[in-house]
Amino acid sequence: MRILVVAALASVASVQAAGVSGQGSWETTLQARDIDHDGTVDAYYDTDQDITWLADANFAMSSGYDTNSPPYAPGAMDWATASHWAQTLDLHGVEGWRLPTAFLPSGCTQTSFSCANAPSEMSRLFEHALGGANNTGPFTGIGLDTMYWTGTLFSYQDFGGPQRTLGFSFVDGSGGDTDELSLPLYAWAVHDGDIAAAVPEPQTYALLLAGIGLVVAATRRKRR
């Protein structure tokens, strides 16, 4: 097991850092998305990767989904629970979320190859958008002692299993692979593409309601 267990077993919640202006590209490549138009940013569209990140990197905890208790930090979950949470997430009518993807070299299917530090959507966010350590950009809930699950499973061919996956640490941008899918790590949901395209504007809802009203009125007239 190569993953950073110490980060996973933190007994206190992560300490939130502030976005560092001028570090990384986050101020231009991460675009705010207010799904329900209530004035609160729900997600950020990553123009560099063409995916949308939840604005709250520990939304599982703040939404009340997390059921873990000490000594694990709030929001930490095993891999199956984290994956299920992301796949079933419905955020103001937007579905289709998932855990971030890792990009495994072909050698990751061999026993002699360590998959540690394999690139992922989180590592690209860390390196490019956030420009490295000590920067959370516009996000909340990241903290600097936090390790996250990726959604990519793989297995070593020579062993025929067990299944393994990778975690990513925002401490220093490192990753590690493990077959201990029961470890309590954090979960951060992402969505393919820009969710703004899937969210109707308020005027669209108004036109839809007006159209329904006309249909109802016409039906009543016909019955009379």
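Residues are numbered from 1 along each chain as its sequence is written, and side-chain values use heavy atoms, with hydrogens and water left out. Because the model is predicted, local features need pLDDT of at least 70 and side-chain atom pairs count only at pLDDT 80 or more, while totals for chains, interfaces and linings use all residues.

Q: What percentage of the residues of the protein chain count as buried?
A: Buried means under 20% relative accessible area, exposed over 50%, and partly exposed in between (1.4 Å probe, protein chains only). The accessible surface of the protein chain comes to about 11,000 Å², and carbon and sulfur atoms hold 55% of that surface. Of the 224 residues, the share that counts as buried is 43%.

Q: What is the order of the strands in the five-stranded sheet, and which strands stand at its edges?
A: Two strands pair if DSSP finds at least two bridges between them. The five strands form an open sheet with antiparallel pairing, in the order β1-β2-β3-β8-β4. Each edge strand has a single partner strand, so one side of each is left without a neighbour in the sheet; these strands are β1 and β4.

Q: By what angle are neighbouring strands of the three-stranded sheet turned against each other on average?
A: This open sheet has the order β5-β6-β7, with antiparallel pairing. Its edge strands, β5 and β7 (175–178), each pair on one side only.

Q: What angle does the direction of α4 make with that of β5?
A: β5 and β6 pair in the antiparallel sense over six bridges, and S155 stands opposite Q163 in β6. Helix α4 packs on this sheet and touches both β5 and β6. Its direction makes an angle with that of β5 of about 100°.

Q: Why do the buried residues of α4 line one face of the helix?
A: In α4 (residues 79–88), the buried residues are W79, A82, S83, W85 and A86. The arc is taken from the directions from the helix axis to the C-beta atoms. Seen down the axis of α4, the buried residues line one face because they fall within an arc of 160°.

Q: Which residue caps the N-terminal end of α4?
A: A polar contact is a pair of N or O atoms within 3.5 Å; within protein, one must be able to donate a hydrogen and the other to accept it, and residues adjacent in sequence count only if both atoms are side-chain atoms. Here a side-chain oxygen lies 3.2 Å from the backbone nitrogen of A80. The capping residue is D78.

Q: Is N58 buried or exposed?
A: N58 is in the loop between β3 and α3. Leaving aside neighbours within four places in sequence, its contacts are P74, G75, T140, G141, Y148 and Y186, and a polar atom of the N58 side chain lies 3.1 Å from the backbone oxygen of P74. With a relative accessible area of 7%, N58 is buried.

Q: What distance separates the C-alpha atoms of Y186 and M61?
A: Y186 is in the loop between β7 and β8, and it is buried, with a relative accessible area of 2%. Y186 and M61 are 125 residues apart along the chain. Their C-alpha atoms are separated by 9.4 Å.

Methods:
Helices (H or I, at least four residues) and strands (E, at least two) are DSSP runs, numbered from the N terminus. Contact means heavy atoms within 4.5 Å. Axes are lines fitted to C-alpha atoms, for helices over the stretch in contact, and angles run from 0 to 180 degrees between N-to-C directions. Accessible areas come from the Shrake-Rupley method with a 1.4 Å probe; for residues, only the protein chains shown count as cover.
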